[in-house]
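Subject: Structure for your review

Dear colleague,

I am handing over the structure below, together with some notes on what was found in it. Please read the notes with the coordinates open beside them.

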Amino acid sequence: MKKMGLVIVAAMGGLLLFKTFGPSGEVCPFLAPASLSAPQPARAVRALEDGLALTPPMGWYPWNIFGEEPQNEKLIEEIVDALVSSGLKAAGYSYVGPDEGICFYRRDDGRLTTNLERYPSGLRSLGDAIHKKGLKYALYTDAGTHTCSTAMPGTKDHEFEDMRQFAEWRADYIKIDWCNTEGQDIVKTYTTLHDAQLAAGRPVVHSLCSWGEGYPWRWAGAVGHLWRTTADICAPGQADWTRVLGMAFANEKLAAFAGPGHWNDPDMMISGMPGISDPQSRSFFSLWCLMAAPLIAGNDLRSMSRATVETLTNLEAIAVNQDPLGVQGKIVWTDGMVSLWAEKPLFDGGQAVLVFNQGRHEANKQIAWPEIGIDAAASCYVRNLWTHETIGPLTGGVTVHVAPDDVAFLRISPKPDFSLPPVLVADSYLVSLRSTDSSPQKLSGAITITNKGSAELPLWKVGEGLPAWLSVSVSKNGKSQTLNNTISTAGLKKGLYHAAVRADNTEPVSGRPMSALYYDVDLEVSQDVSGQSK
Ligand code: GLA
């Protein structure tokens, strides 16, 4: 029998000590934890059709830090620039746009119209600007008569026209609040909104926001992609750690209801907000990653500390969140102050594990392999996702040392390579072309998608049903693929043309479908063109 070994690792992220305490084994076979092999609640999943949000959505929303008043076009544009320049976009964050903060009114004829005082370029132009930066456009509304502040119109009795307007503004993500809904049936209302989104013809991520009211985890996967499980995580600008912990522990209990395309949403992130320390930011981020929660940043991206940027852009932590199996991890042991979170199998045959210390004193936690579903005799590698160090092979288990408010966030695997699943970054989601000639022209525009994960992806498969004037071919250059859009203007009449292109792909290691890629192609034909189309 091998003697117990001891490895000391100097570290941030609360992890100081690794220790083996068992005999050596040959391999690291995982036992299926009881709750993973148990039947999951049956439910329909909307994302099976539209392929959206098969991993948790990532992005930024203004509410947590700004609340309503400061929101306007300038702020959103500055945030969009900061998303790109800070490296958040390159780490996979993509959905961005206004939350509540009077961005539109309802006109007398019933149609929504941009509040041009706050958004002088209009909400469609804002969407186009966001798409041209390779980001996705998020908008906000409410299922009742008015939004929560009552300053903006809700969708009640206008569901179909409003979702059509959101599609015209080219929204890719719509958060729908549940304020001012007295007397409304929650399932019927969100189902109508789902039907209205389908009727509008633009695939959108539907984010339900009833704060857990109506138990959306039981039914909302059929009509949306994510649902809030808890009340607001903070009042604007006032992050509160104790309140945050309540949200995390409430959401943890709903693990069985989450999966690809249907996520529990314990609200936007507070990492990097005033009043939250660096270890708390790191712990929060790790918990949201392990729970496969949407990673919607809520801090001011224009003024982030280096530590906040490092936390929010930690690709190894993000890889756990974006894992294609889409399992929400949960608590498998706690003494009330220190908790062990596991049951988060990963695409490469390993698993993610987290030890969180919410107490006031430093703590050691001995993780015995069987506690996390690993055969006691197995030997495994352990990767610290905050120090980016790997140790092993270890047998029997590992001991971690965790400072107050901090976490040890680990990947444990039979293999030492810890590859990353796909994380996609686009150079643009909008191709805009203009023809000026009355004789047929060929025009082209490219969209390049780069995978920040470890593997090269198979070629993206472009969906059928493109208009006759558009053809798309795909070429590959290592981790980047380019979708080449060729437009033939032959036979087209003067006017504006639009196509929404869908492409699909498969994650090569797990064989799981990846979130569908959607982008827009706009063509302006400035005079009638002779010839046959195509
Ligand atoms: C609710 C939501 C918040 C935010 C506000 C806006 O409280 O839960 O996330 O959108 O409305 O009023």
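Is Glu316 buried or exposed? Glu316 is buried, since its relative accessible area is 11%, and the cut-off for that class is under 20%. Please keep in mind throughout that this is a predicted model. Glu316 sits in helix H11, which covers residues 315-321, and its side chain makes a polar contact of 2.7 Å with the side chain of His388. If neighbours within four places in sequence are left aside, Glu316 is in contact with Arg383, Leu385, His388 and Leu420.

The ligand site

The ligand is surrounded by Trp63, Asp99, Glu100, Tyr140, Cys148, Lys175, Asp177, Cys209, Trp211, Arg228, Asp232 and Met268. Sorted by class, this shell holds 6 nonpolar and 6 charged residues, with no polar residues. Among the charged residues, Asp99 places a polar side-chain atom 2.8 Å from an oxygen atom of the ligand, while an N or O atom in the side chain of Lys175 is 2.8 Å from a ligand oxygen. For Asp232, an N or O atom of the side chain is 2.5 Å from an oxygen atom of the ligand. The ligand taken alone exposes 310 Å², and the protein buries 94% of that area.

The parallel sheet

An open sheet is formed by 8 strands, which follow the order E11-E10-E9-E8-E7-E4-E3-E12 with parallel pairing. Strand E11 (263-265) and strand E12 (295-297) are at the edges, and each has a single partner strand, so one side of each has no neighbour in the sheet. Within this sheet, strand E3 (residues 58-60) pairs with strand E4 (residues 95-96) in the parallel sense over 2 bridges, and Trp60 stands opposite Val96 of E4.

Helix H6 spans residues 159-168, and its buried residues are Glu159, Asp162, Met163, Gln165, Phe166 and Ala167. These buried residues pack against strand E5 (104-106), strand E6 (112-114), strand E7 (136-142), strand E8 (173-177) and helix H7 (186-200). H6 is followed by Arg170, which has a positive phi near 70°.

His158 lies in the loop between E7 and H6, and at a relative accessible area of 22% His158 is partly exposed. Not counting residues up to four places away in sequence, His158 touches Arg106 and Gly110. His158 and Arg111 are 47 residues apart in sequence, yet their C-alpha atoms are 8.6 Å apart in space.

Backbone geometry to check

Most residues other than glycine have a negative phi, and most peptide bonds are trans. A cis peptide bond, with omega about 5°, joins Gly392 and Pro393, and Pro393 belongs to strand E18 (residues 389-395).

Ala53 has a positive phi near 55° although Ala53 is not a glycine. Ala53 is placed in the loop between helix H2 (47-50) and E3, and at 7% relative accessibility Ala53 counts as buried. Phe418, likewise not a glycine, has a positive phi of about 45°. Phe418 is found in the loop between strand E20 (407-413) and strand E21 (424-426), where its relative accessible area of 6% makes Phe418 buried.

With kind regards

Conventions:
Residues are numbered from 1 along each chain as its sequence is written. This is a predicted model: local features need pLDDT of at least 70, side-chain atom pairs count only at pLDDT 80 or more; totals for chains, interfaces and linings use all residues. Side-chain values use heavy atoms; hydrogens and water are left out. A residue is near a molecule or strand if one of its heavy atoms lies within 4 Å of it. A polar contact is a pair of N or O atoms within 3.5 Å; within protein, one must be able to donate a hydrogen and the other to accept it, and residues adjacent in sequence count only if both atoms are side-chain atoms. Accessible areas come from the Shrake-Rupley method with a 1.4 Å probe; for residues, only the protein chains shown count as cover. Ala, Val, Leu, Ile, Met, Phe, Trp, Tyr, Cys and Pro count as nonpolar, Asp, Glu, Lys and Arg as charged, and the others, Gly among them, as polar. Two strands pair if DSSP finds at least two bridges between them. Helices (H or I, at least four residues) and strands (E, at least two) are DSSP runs, numbered from the N terminus. Buried means under 20% relative accessible area, exposed over 50%, partly exposed in between (1.4 Å probe, protein chains only). Contact means heavy atoms within 4.5 Å.
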